[in-house]
Amino acid sequence: MNILHQQHKHLLVANRVAFMVIGVLEAAWAPLVPYVKSVFAIDEGTLGLLMLCSGFGSICALPLSGFLVNRYGAKKVIYVSGLLMAFALLTISLLINVWLTGVMLMIFGGCTITIDVAANMNGVVIERKTGRHLMSGFHGGYSLGTLIGAGAMSVLFTLGIIPKWAVVICMVSTLLAMIFGCRDLLPKEELETDVPVERPKKSKLYIPPMVIVVGLLCFIMYASEGVVMGWSAIFVSQERGVDMSVAGFFYTAFAVAMTIFRLCGDKIVDRLGRRIVVAGGALLITVGFITVVSVNNSIASAVGFAMVGCGAANVVPQLVSFAAHIKGMAVHNIISLINALGYSGILIGPVIIGFVGKNYGLHMSFIGIAFFTLIVAMVTSIILKDRYVSSTQIDMQ
């Protein structure tokens with residue numbers, strides 16, 4: 001049942017815009033961090049605890065997010081969560097006090113993960129309707145949003161606009177894009193019709209082992225992305241002698257590469273197949289981290305981080321798409337569980353890397369994450385073989 005005609009492309013645009021909303025607003029928060037630290041006169045430890053509020057809010061929202069999408073539909077959930085997320089960011093920018101900021105960061109994180117689950121569930125249904133691989137392009141909307149959000153906030157700050165008004169401009173633009181761009185997200189009725197709920201084989205608490213496996217693979221992948229986000233600038237500064245004023249460009253190399261390859265990802269998957277793209281992508285991450293560590297050159301480090309971005313671009317989107325077809329568990333529960341495990345990697349991964357780096361050096365931390373991404377490559381090459389995905393292919397025809 002293929003509906004991918006010109007008149008139906010608005011479904012794809014709506015799903016990409018939903019992901020883009022998360023990316024823009026998340027990226028808009030990052031430039032506010034130095035202002036929060038300065039105005040509240042807090043040290044790095046307190047700032048770290050404050051930033052964990054966002055992660056805590058995300059973890060708390062995960063059990064509820066799938067239920068809300070299943071009950072009210074992706075469209076309503078994304079509209080409400082997007083509004084709450086934007087106003088939480090605005091409240092943070094007012095810099096009233098540290099306690100209110102912590103509460104708003106919890107709401108911000110909770111809304112982030114709720115939109116993410118809703119957009120993934122909506123994307124799964126569209127993939128079923130079209131019979132095509134589309135998830136990489138959807139996630140590309142998020143990556144594009146992060147670049148837009150970071151770039152817009154940087155330009156506004158460069159023009160001398162204070163944080164409050166910079167956030168207002170960013171918030172209004174994003175909400176308008178959400179309101180008009182997400183109008184064609186699927187309602188509750190279509191989610192129920194197109195995402196069949198498999199009855200658990202044993203009990204309501206039964207979780208298919210394959211869901212756990214995919215969730216742990218996503219944990220490693222999110223951790224590798226979090227490592228680049230949190231430690232790439234510090235690594236090139238300490239180990240390669242790069243000035244901190246330009247160290248952020250090494251993360252930019254990663255982010256731009258990931259965005260490009262996600263936006264092209266669906267065509268790559270159609271041409272090469274999911275197994276090659278996912279396993280090969282994980283292997284490319286391994287090579288990228290080894291390049292960063294083993295070649296004592298700043299250009300090689302930039303190339304290595306770009307390789308990590310290219311490799312990571314399509315692994316998680318394709319694993320989510322694959323997991324949505326696993327039998328024995330409701331789709332909204334599968335996506336929520338995978339997001340829970342995956343998002344834990346973003347929170348825990350950089351902390352573990354910091355601990356290992358403190359005791360053994362950042363180069364050993366990067367070698368460690370390279371080893372785990374190699375495991376992802378080996379495991380995905382097994383579970384994505386034809387005999388494991390035959391049911392998926394049948395579902396998407």
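Is Thr146 buried or exposed? In this predicted model, Thr146 has a relative accessibility of 19% and therefore counts as buried, since the limit for that class is under 20%. The residue belongs to helix α6, which runs over residues 135-158, and a polar atom of its side chain lies 2.5 Å from the backbone oxygen of Ser143. An α-helix has 3.6 residues a turn, so residues three or four places apart point the same way.

In the loop that joins α2 (33-39) to α3 (44-72) lies Ala41, whose phi is near 50 degrees although the residue is not a glycine. Ala41 has a relative accessibility of 69%, and it counts as exposed because this value is over 50%. In the loop between α4 (74-93) and α5 (98-130) lies Leu95, another residue other than glycine, with a positive phi of about 55 degrees.

The helices on either side of the loop that holds Leu95 also contribute to a nonpolar patch, to which α4 and α5 each supply at least two residues. The patch lies on the surface and is formed by Val80, Leu84, Val103 and Ile107, which together have about 320 Å² of accessible area. Of these residues, Ile107 lies in helix α5, and its relative accessibility of 34% places it in the partly exposed class, because the value falls between 20% and 50%.

A search of the whole structure finds six aromatic pairs, one of which is formed by Phe371 and Phe372, with ring centres 5.6 Å apart and planes at 70 degrees to each other. This pair is edge-to-face, because an angle over 60 degrees between the planes defines that arrangement. Phe372 itself is partly exposed, with a relative accessible area of 41%.

Conventions
Residues are numbered from 1 along each chain as its sequence is written. This is a predicted model: local features need pLDDT of at least 70, side-chain atom pairs count only at pLDDT 80 or more; totals for chains, interfaces and linings use all residues. Side-chain values use heavy atoms; hydrogens and water are left out. Rings of Phe, Tyr and Trp (its six-membered ring) pair if their centres lie within 6.5 Å; planes under 30 degrees apart count as stacked, over 60 as edge-to-face and the rest as tilted. Buried means under 20% relative accessible area, exposed over 50%, partly exposed in between (1.4 Å probe, protein chains only). Helices (H or I, at least four residues) and strands (E, at least two) are DSSP runs, numbered from the N terminus. Patches are made of residues with over 30% relative accessible area and no salt bridge: like charges are joined within 9 Å, nonpolar side chains (Val, Leu, Ile, Met, Phe, Trp, Tyr) within 5 Å. Accessible areas come from the Shrake-Rupley method with a 1.4 Å probe; for residues, only the protein chains shown count as cover. A salt bridge is a side-chain nitrogen of Lys or Arg within 4 Å of a carboxyl oxygen of Asp or Glu. A polar contact is a pair of N or O atoms within 3.5 Å; within protein, one must be able to donate a hydrogen and the other to accept it, and residues adjacent in sequence count only if both atoms are side-chain atoms.
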